[in-house]
Amino acid sequence: MNRLLPTIGAVAAAFCVQAVAQPGTRLVWQPVQEYFIHRDETQQVAAGTKRLNSFTTYTHIGSDFGFHGPAEHEIEWLTDEIVVHLGQQPEAWAGMWHSLAGQARNEKRVMDFTRAYPEPVTDPCQPKVSAVMMKAAGRGRIKLEIKSASQELRWTQMIELNDPQHRMFVHPVASDAVRDAKILVWTAEPGSEVRVCGLFLGVELPQMSWDAYAFLASYAKIARSYSIDTGFVRDRAHIEEGAFESVSATGMYVLASAAAAQEPLRIVTPEYARWVLTRTHEAVRKLKTARGLLPHFVHRRNDEYQIHPNTEYSTVDTAIYTQSMLLAARMLGESRVEQEVLEQLRSIEFDLMRLPDGHLSHGFADDGVTLLPHGWQDWGGESALVMLMEGIANPQHRPPPMRAPGKAWQGTGFITELQSLFHPDFDSDEPDSHDGVRWLSVRRAMLGAQRAYIPKRWPGSLAAREGIYGLSAGENKAGNGYYVGGVDLPDQRLIHPHYILMSASMHPRPSEVYALLQRMEKAGYFPPWGMVENLDVDARDYLPMEGSLNAGFEALGAYHLFARSRGIPDAIHQASLRCPQIRRAMQLFYSKAPAVQSAAPEAAGP
């Protein structure tokens, strides 16, 4: 793939000064879609073949897209561009449509160009869309249109093409005139022979410091997957509501919302954070469990949510969800929700999911009966959260030692950081009481290994030059399967940059993390819609999918970095220190764990 954004950056800089951005704001280009294709090497996309898998095919803004026009069969999708060959007949027109908010069929979701982020984000934190840009070449005319859900025209512009080389075509949009945008359409007119590489929105970001903006963009990313109607977070922003929701990501969204409501951020109001806490709590309470365990993924069937077929009732996802909810409830002063989540934890029948070696299983199959044969023996943050979950319910239980203490399997990045998104205790270098691990030293060593791997193995790569790192786990290059990388594996090329934010509070100089994020923004890997899912070390390719699990990791990591950079109390970690049940459970790792700091929960202000 030929990367577009270095050229786009130069165009944007001039355009920002001359035409669009208001004083004090900055204009950043958000791809609606760059027309590269993620596919298996053997897959071919021939002319006239327009059927796409909506689970793995999507725009860069977490929505769907498609083709239109009587001559759409004349559209050919090559590796990096859309090619249209049209005759002179009046009906020979064709092009593409792109939903600007969710799936096109969901008419309730639209984009307000004066408030481009999800609705709960407060006005001072909302960006505006003030321009549209296309990169195209060829001969003929392309019409750009923005339409409402009812197909009413909100904006249009004609592009005249007469150049075999790709050019940037930039056009301003009056934000106030586009308050209910649903689709952005381009149409090649009869007789045109054109090639289109990309379509972009010019986003005016609000006046705010970079530390607050990094959290804002990360929070908005996961917020796009949340459904106010259902109370659940979709596993991917672009899929249909009710099709495939993630319970653990849902919990992290609630916790991120509680953080977003804190001073001095106020990215959402405390009232919204409390509402989403109670709304989600009531939705999840209705789920059928397996011996008290929640499903990992759910879907809606006959107006009722239930476990998604071929997934599992999961110990670690139950741990992430419940600990997220406990902390959010304490942060927001919602004692009823806190007590009901504690009751939910006490209802889990842990003894019925214990393997012969004494460790807890990963959970149950989708029948709710078959115990999964693998368990939480390996050392790391996932195992720690599962052990803490059982410790909250039964403080007297002592699980057996973990396997390979202090050694993350394959050197996978997120394994050493997951627990610290929720609890501050693992910032200590005191040997833990369970395995004798000095967590702080292990985490710092992992960060050092992550930062050193790519410059050492791929010294001439863009990632090495820019300082981008993150050998972790997430979607594979094509976005159609799970990939686990790590610093202990050879020749790793695929970077999952969520690790940058997950580990950011360990970085010796927070300002360097923000400088890296700014370089990633300029390169197109941290656009206004949030961090990309993954990228190749040479930056020839990246996956723009908005996945909610890594979005949750990024939002929580960005919050901890913000608190550290400002030198202010970390509200999430303070909530952990103020929860008596978490303090008792933490004695499994630290027999002298800090006592409860306050009997009263600290709530976000009115």
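Biologist: Why is Arg195 called partly exposed?

Modeller: Arg195 has a relative accessibility of 26%. Buried means under 20% relative accessible area, exposed means over 50%, and partly exposed lies in between, with a 1.4 Å probe and protein chains only. Arg195 is therefore counted as partly exposed at 26%. This is a predicted model, in which local features need pLDDT of at least 70 and side-chain atom pairs count only at pLDDT 80 or more, while totals for chains, interfaces and linings use all residues. Residues are numbered from 1 along each chain as its sequence is written, and side-chain values use heavy atoms, with hydrogens and water left out.

Biologist: What makes Glu81 and Arg195 a salt bridge?

Modeller: A salt bridge is a side-chain nitrogen of Lys or Arg within 4 Å of a carboxyl oxygen of Asp or Glu. The closest N and O atoms of Glu81 and Arg195 are 3.2 Å apart, so the pair meets the definition. Glu81 is in the loop between β3 (75–77) and β4 (82–85), whereas Arg195 is in strand β9 (residues 193–205), 114 residues apart. Helices (H or I, at least four residues) and strands (E, at least two) are DSSP runs, numbered from the N terminus. Because its relative accessibility is 14%, Glu81 counts as buried. The whole structure holds 38 salt bridges.

Biologist: What makes the pair of Arg236 and Glu475 a link between parts of the chain?

Modeller: Their salt bridge has its closest N and O atoms 3.0 Å apart. Arg236 lies in the loop between β10 (233–234) and β11 (245–246) and Glu475 in strand β16 (residues 473–475), so the pair ties together parts 239 residues apart in sequence. Both Arg236 and Glu475 are buried.

Biologist: How do you know that Arg274 and Glu334 form a salt bridge?

Modeller: The N to O distance between their side chains is 3.8 Å, and the limit is 4 Å, so the pair counts as a salt bridge. Arg274 is in helix α4 and Glu334 in the loop between α5 (315–332) and α6 (335–346), 60 residues apart. With a relative accessible area of 21%, Arg274 is called partly exposed.

Biologist: What makes β19 and β20 a pair?

Modeller: Two strands pair if DSSP finds at least two bridges between them. Strand β19 (residues 534–536) and β20 have 2 bridges in the antiparallel sense, so they pair. Asn534 stands opposite Leu543 in β20. The open sheet has 3 strands in the order β18-β19-β20, with antiparallel pairing. Because β18 (494–495) and β20 (542–543) each have a single partner strand, they stand at the edges and one side of each is left without a neighbour in the sheet.

Biologist: Why are β10 and β13 called edge strands?

Modeller: In the open sheet of 4 strands, the order is β10-β11-β12-β13 with antiparallel pairing. Each of β10 and β13 pairs on one side only. Strand β12 (residues 297–301) is joined to β13 by 4 bridges, and Val298 has Ile307 as its bridge partner in β13.

Biologist: Why is Asn310 called exposed?

Modeller: Asn310 has 74% relative accessibility, and the cut-off is over 50%, so Asn310 counts as exposed. Asn310 is in the loop between β13 (304–307) and β14 (313–314). Its phi is near 65°, a positive value in a residue other than glycine.

Biologist: What is the peptide bond from Glu263 to Pro264, cis or trans?

Modeller: That bond is cis, with omega near 5°. Pro264 is in the loop between α3 (247–260) and α4 (270–285).
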